[in-house]
Amino acid sequence: MELITFVVLLTIAIALPLYSRRKRYRLPPGPKGLPIVGNAFDVLADYEWLTYAKWSREYDSDIIYLNIAGTPIYVLNSVQATTDLLEKRSSIYSDREIMTMCHEIVGWGQNFALMPYGDSWREHRRMFHQHFHPGVVDKHHAHIEKQAKDLLRRIHANPDGLMKYLRIMAGAAILRVVYGIDVQPENDHYIGVAEAAIHSLALTGNAGSYLVDNFPILRYLPSWAPGAQFKRDGERWRAQVNQMFTEPLDLVKQRMANGEPSDCVAATLLASIDERKDKPRAELETVVKHVSGTAYVGGADTTVSSIATFVLAMLKFPQVQRIAQAELDNVIGIGRLPSISERPSLPYITAVMKESLRWNLVLPSSVPRKMTTDDEYRGYFIPAGSLIIANAWAVLHDETRYPNPDVFDPTRFLTSEGKLDKTAPDPVEACFGFGRRICPGRHFAMDTIWLNIAYILTTFNIEKPLDPSGQPVEPSGKYTSGFLSHPVPFKVNFTPRSKAAEALIREAVFYD
Ligand code: HEM
């Protein structure tokens with residue numbers, strides 16, 4: 001039987017029972033899909049979070065129903081729905097979908113952010129939490145500061161390299177914190193290995209990107225078979241992913257065996273295994289490997305996107321930049337950089353950070369959940385196995401909570417006296433996810449974003465470059481589509497604010 005005939009018959013076999021079952025229940029409104037494939041093409045469309053928000057308005061419903069080849073999908077577009085389901089009913093809304101290509105063939109199942117809900121996930125998350133909760137995250141500040149200083153030096157020398165340098169800053173901070181690795185100033189091996197691996201996550205991480213996700217039996221096709229390019233790609237990517245999870249941890253183990261001091265998360269976790277008697281050592285070492293690798297994946301590109309969003313916003317809303325710099329000058333003075341501990345006296349900078357997380361989201365459609373049991377909400381039936389997509393973008397662009405949501409306006413988080421307004425809606429309610437699976441790296445992330453914003457605004461004026469005719473070059477303001485979104489590269493100038501600022505940038509060189 002030809003592959004395509006086999007696939008069509010299998011789809012009908014799977015979809016028909018689900019379809020007839022579905023008809024018996026009330027479902028939320030949503031666009032009519034095509035026969036067999038359902039809304040597969042709608043979901044794979046670019047900027048799906050905007051499409052979901054548009055449907056939400058068109059159908060006048062904060063919950064939208066879709067299906068991909070028979071799998072029900074519920075898209076939540078309001079804080080009410082995400083709170084009611086993902087927070088209050090977190091015990092049944094915290095599972096993840098296993099995607100054959102991403103998890104099994106390429107090996108991203110090692111990433112605990114994608115693991116199914118259960119004891120193994122809990123063990124991973126507990127270990128991660130020990131080193132990233134708010135009470136301990138300040139022990140990482142020195143590493144965040146060092147990389148934020150190095151970023152100043154790099155963008156001063158070459159503003160066009162902003163995105164690349166942001167990636168080095170974030171990757172280097174995480175590699176130091178997690179594995180005790182001090183990266184090379186250029187072409188670092190470990191950053192290179194991780195970037196190669198993470199590339200395959202972007203390609204395979206969206207549900208339905210590969211036919212084998214819907215028809216796992218296809219994984220048994222031999223690699224040489226026609227139509228099995230996914231297997232050949234998968235094997236290549238798997239080697240990269242394994243290298244990323246294994247190589248840096250092997251270095252930590254080697255250093256520990258040599259008796260070298262290693263003040264890093266992985267070394268502390270490995271050392272703590274000795275005290276445990278409840279599980280075999282090899283099993284716990286594997287958990288440490290997954291937890292450490294996941295920290296890199298979680299932290300590598302996410303803060304990069306938020307800081308790039310901040311730079312873009314400063315170009316588009318220059319008055320915000322001026323107010324933020326005035327606050328820094330008043331509180332910190334001229335000739336020194338602020339520190340994270342000074343955050344309480346710099347509320348406007350904190351508001352700029354919050355607005356950078358809200359204005360354009362790093363993960364606009366969050367990370368999908370899978371239902372573990374049947375549920376009912378507002379009279380709608382939500383069967384086990386359904387996918388739940390939280391449209392975090394829609395939550396943070398809800399005009400009733402964030403008036404003029406497309407405007408970058410930090411004052412929405414401030415009182416009329418300029419203090420942080422504790423009663424204002426906080427983007428943390430959606431941008432870092434929800435309930436039991438909320439991003440456990442968020443404190444580290446916010447410290448990183450805050451400090452980079454504060455350093456950049458202390459030292460530079462962020463300006464549009466001029467074209468040959470003397471006109472400012474406008475940034476397109478466009479974002480990439482897909483699972484993780486960031487601004488498309490744009491032209492920007494970083495001009496030192498003063499001689500004193502220039503001296504601070506020069507002092508920031510730390511590679512010797
Ligand atoms: C701007 C920066 C960041 C954003 C916007 C962000 C956002 C998110 C989101 C939306 C999720 C999914 C939560 C859910 O399913 O509800 C997540 C999960 C996760 N993030 Fe972050 N994140 C950021 C930075 C980081 C950093 C720096 C780290 C590591 C140090 C990290 C580690 C993780 C981990 C380990 C998970 C998986 C949690 C789980 O499944 O239990 N993230 N993040």
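Predicted model: local features only at pLDDT ≥ 70, side-chain atom pairs only at ≥ 80, totals over all residues.
View 1. Residues are numbered from 1 along each chain as its sequence is written, and side-chain values use heavy atoms, with hydrogens and water left out. Helices here are DSSP runs (H or I, at least four residues; strands are E, at least two), numbered from the N terminus.

**View 2. Aromatic pairs.** The structure holds twelve aromatic pairs. In one of them, the ring centres of Phe 128 and Phe 132 are 4.4 Å apart and the planes are at 20 degrees, so the pair is stacked. Rings of Phe, Tyr and Trp (its six-membered ring) pair if their centres lie within 6.5 Å; planes under 30 degrees apart are stacked, over 60 edge-to-face, and the rest tilted. Ring pairs also link Phe 112, Phe 128, Phe 132 and Phe 444 into a cluster.

View 3. Look for Cys 439: its SG, at 2.3 Å, is the only protein donor of the iron atom of the ligand. Donors are N, O and S atoms within 2.8 Å of the metal (3.2 Å for Na, K and Ca); water is not among the atoms, so sites may look incomplete. Cys 439 sits in the loop between α17 (392–396) and α18 (442–459).

**View 4. Around the ligand.** The ligand is surrounded by 32 residues, the closest being Arg 96, Trp 121, Arg 125, Arg 369 and Cys 439; a residue counts if one of its heavy atoms lies within 4 Å. A polar side-chain atom of Arg 369 is 2.5 Å from an oxygen atom of the ligand, and an N or O atom in the side chain of Arg 437 is 2.9 Å from a ligand oxygen atom. Two or more residues of this shell come from each of α6, α13 (281–300), α14 (302–316) and α18.

**View 5. Helix α8.** With 18 residues (162–179) at 1.5 Å a residue, α8 should span 26 Å, and its end C-alpha atoms are 25 Å apart, which agrees. The expected span is 1.5 Å times one less than the number of residues. Of the 18 residues, 16 are buried, so α8 is largely enclosed by the rest of the structure.

Technical notes. Buried < 20%, exposed > 50% of the residue type's maximum accessible area, 1.4 Å probe, protein only. Polar contact = N/O pair within 3.5 Å; in protein donor to acceptor, adjacent residues only side chain to side chain.
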